[in-house]
Amino acid sequence: MAAQVTDIRTMDEDGVLLMLDWAAEEGWNPGEDDAASYFAADPGGYLGCYQKDQLVSMISAVRYGTNFGFLGFYICHPEFRGKGFGIHMWGEAMRRLEGRTIGLDGVVEQQDNYNKSGFTLAHKNMRYAGISNADIPMDQRISIIGKGIMPSIIEYDRNYFPADRTAFMQRWLEPMNPMRRGIYLVEDGSVQGFGVIRAAHDGFRIGPMAAETPEGADLLFRALAGSVKGQMIHIDLPLPNEAAVELAERHELSPVFATARMYKGQDPNLPLDKIYSFASFELG
């Protein structure tokens with residue numbers, strides 16, 4: 001049981017890379033260069049449980065601002081499951097986020113277990129995937145995100161996330177990064193939406209993506225997906241957003257797996273009708 005645990009360590013950026021490798025083995029399809037952005041979000045938020053210097057379980061407990069946190073990477077190595085290591089890490093993560101509203105995107109089958117820890121279902125999400133058949137639209141309202149517009153994009157993002165995540169977004173939106181691309185939509189001089197596509201272990205992932213209208217979301221989607229036409233793309237959307245579901249199905253993407261967005265504490269009541277994809281199920 002947990003009494004066997006000899007050490008719990010805060011993981012450095014190399015440790016986050018290892019967490020992403022474990023996530024890939026679980027079939028979660030992380031981005032190829034997610035580690036730097038994840039680590040920037042909260043350098044103290046990644047925990048590893050070691051027994052005799054062997055990593056046996058892990059979890060992330062990322063703090064955003066002063067009032068919000070998010071749990072992810074809740075993985076125990078297959079050889080050590082059923083021995084209490086995972087539960088031990090869960091307790092450490094919950095202590096780290098104590099006093100905050102805590103979010104997670106868990107597999108639906110574990111929903112009852114999360115209920116026992118005080119989490120309540122907010123909504124379900126679905127990953128859609130398929131081969132991109134989109135063409136990049138020729139539209140002067142869309143542009144590639146660069147350093148100049150980044151502060152405006154980060155400010156816009158605050159409408160669609162429960163807390164400030166500037167450090168994360170600065171790395172996530174990093175201009176000239178060959179592994180990812182950000183696109184934004186502007187009308188009448190104001191940002192009306194944005195999205196990011198990045199290389200993943202399997203194809204490409206789109207997220208986050210937010211827009212004021214379904215038409216704007218479709219324009220952003222085509223700009224992102226069209227940049228990798230003919231390749232596999234994935235998008236993680238909130239099921240209550242019917243326009244997001246329609247967008248995915250219109251572009252011939254199919255549901256892959258569901259997660260349950262749950263909160264312990266006050267539900268931030270995000271405007272899901274304008275959220276078309278989350279950044280990741282690990283960090284929200």
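Author: A term to begin with: a disulfide is a pair of cysteine sulfur atoms within 2.5 Å. This is a predicted model, in which local features need pLDDT of at least 70 and side-chain atom pairs count only at pLDDT 80 or more, while totals for chains, interfaces and linings use all residues. Residues are numbered from 1 along each chain as its sequence is written, and side-chain values use heavy atoms, with hydrogens and water left out.

Reader: How many disulfides does the structure hold?
Author: The structure holds zero disulfides.

Reader: Is Cys49 buried or exposed?
Author: Cys49 is buried, with a relative accessible area of 0%. Buried means under 20% relative accessible area, exposed means over 50%, and partly exposed lies in between (1.4 Å probe, protein chains only).

Reader: And Cys76, buried or exposed?
Author: Cys76 counts as buried, at 12% relative accessibility.

Reader: Turning to the backbone, what is the peptide bond from Gly207 to Pro208?
Author: That bond from Gly207 to Pro208 is cis, with omega near -5°. Pro208 belongs to strand β10, residues 204-211. Helices (H or I, at least four residues) and strands (E, at least two) are DSSP runs, numbered from the N terminus.

Reader: What is phi of Asp53?
Author: Asp53 has a positive phi of about 65°, although it is not a glycine. Asp53 sits in the loop between β2 (46-51) and β3 (54-64), and it counts as exposed at 62% relative accessibility.

Reader: Where does Asn269 lie?
Author: Asn269 is in the loop between β12 (254-264) and β13 (275-277). Its phi is positive too, near 50°, in a residue other than glycine. With a relative accessible area of 60%, Asn269 is exposed.

Reader: One last topic: how many residues has helix α7?
Author: Helix α7 (residues 214-225) has 12 residues and reaches 16 Å from its first C-alpha to its last, close to the 16 Å expected at 1.5 Å a residue. The expected span is 1.5 Å times one less than the number of residues in the helix.

Reader: Why is α7 described as largely enclosed?
Author: Because nine of its 12 residues are buried, α7 is largely enclosed by the rest of the structure. Among the buried residues of α7 are Gly216, Asp218, Phe221 and Ala225.
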